[in-house]
Amino acid sequence: MDILARTILPFVQQRLPRATFVVVNRPTAGGQQAFEGIAQAAPDGFTLGAAQAPNSITLPIERQVRYRVQDFTFLGNVIEDPCGLWVKADGPISSVAELIAAAKARPGQVTIGTAGVGSDDHLLVLALQEATGTEFSHVPFNGTPPIVTGVLSRSIDVGSFNMSEGLGLMRDGLVRALAQGGAERWAGTASVPTFRDLGFAVLGGSTRGLVAPPNLPADMRDPLRTAIAAANADPAWIAEAARLNLPLRPMTANAQERLFLDEDARLRAVWARKPWRD
């Protein structure tokens with residue numbers, strides 16, 4: 001989220017010459033403090049925020065928070081980073097088929113690390129369990145770095161995290177990606193099959209874009225939306241995103257809002273089934 005804000009905003013600022021952006025990080029509580037800060041800020045154009053699906057959606061389902069995603073003023077999406085399953089390069093599991101076989105041979109014992117309940121990493125694991133009739137042992141961590149440490153030290157069998165986060169490790173020969181959760185293969189990891197390629201109806205990833213507090217007036221909202229759409233289409237930004245290995249999925253504000261609302265309905269249905277151990 002920090003990289004998203006710091007990389008796209010200079011291109012947005014070019015379209016808003018009187019604007020100056022300062023990035024402030026509020027990294028605790030799985031993003032809750034950041035999302036609450038956006039929701040509670042005055043709709044005066046001085047506060048924007050980065051919003052992520054599914055995390056900003058699952059937090060209000062999982063716990064009591066002081067925001068509703070439906071109330072955000074949506075400005076436009078920028079990135080969609082597929083989630084993937086990763087193992088140590090020289091480990092005993094080298095494919096999704098082998099992972100499923102191991103899970104069926106040892107139900108509830110194959111460990112998969114994620115960034116916590118409700119993260120895209122966790123939802124990918126839940127989707128794979130439902131699609132294959134397996135049960136994994138979920139190991140929640142506080143972010144991706146400890147998941148990577150767990151995979152490399154073999155304290156966990158598998159790590160679930162985004163493709164852009166594992167790309168460098170894969171290029172260095174330290175980890176192997178078993179599959180990625182995008183509808184199509186991301187160009188940065190084109191050699192890695194999607195779950196759909198392997199015959200599983202499993203999707204998962206993280207969309208990241210920009211929002212503003214609720215009820216932002218149209219005379220402030222519309223120039224921001226126009227500037228973000230123009231930045232998304234800027235060849236210089238597209239080249240910079242490729243250099244930084246950022247998987248792009250530009251969306252208009254309306255499309256971004258529809259995605260959030262659809263995901264909210266879908267994930268509430270998932271939570272009602274509660275397909276994990278307490």
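**The aromatic pair and its surroundings**

Modeller: Trp 86 is buried, and Phe 161 is buried too (buried is under 20% relative accessible area, exposed over 50%, partly exposed in between, with a 1.4 Å probe and protein chains only). The model is predicted, so to speak with limits: local features need pLDDT of at least 70, side-chain atom pairs count only at pLDDT 80 or more, and totals for chains, interfaces and linings use all residues. Residues are numbered from 1 along each chain as its sequence is written, and side-chain values use heavy atoms, without hydrogens or water.

Searching the whole structure gives five aromatic pairs (ring centres of Phe, Tyr and Trp, its six-membered ring, within 6.5 Å; planes under 30 degrees apart are stacked, over 60 edge-to-face, the rest tilted). One of them joins Trp 86 to Phe 161. This pair is stacked, with 5.3 Å centre to centre and 5° between the planes. It links distant parts of the chain. Trp 86 belongs to strand S2 (residues 73–88), and Phe 161 to strand S5 (residues 158–162). The two are 75 residues apart. Strands are DSSP runs of E, at least two residues, and helices of H or I, at least four, numbered from the N terminus.

Ring pairs also tie Phe 35, Tyr 67 and Phe 72 into a cluster.

Now a neighbour of Trp 86. Ala 177 touches Trp 86, along with Leu 85, Met 163, Met 170 and Val 192, leaving out residues up to four places away in sequence (contact is heavy atoms within 4.5 Å). Ala 177 sits in strand S6 (residues 175–180). Its relative accessibility is 11%, so Ala 177 counts as buried. From Ala 177 to His 138 is 39 residues in sequence and 18 Å in space, C-alpha to C-alpha.

Next, the backbone. Most residues other than glycine have a negative phi, and most peptide bonds are trans. The bond from Ala 53 to Pro 54 is cis, with omega near 20°. Pro 54 lies in the loop between strand S1 (49–53) and H3.

Two asparagines have a positive phi. Asn 215 has a phi of about 65°. Asn 215 is in the loop between strand S7 (205–212) and helix H8 (218–232). Asn 215 is exposed because its relative accessibility is 67%. Asn 245 has phi near 60°. Its loop runs between helix H9 (235–243) and strand S8 (248–251). Asn 245 has a relative accessible area of 23%, so it is partly exposed.
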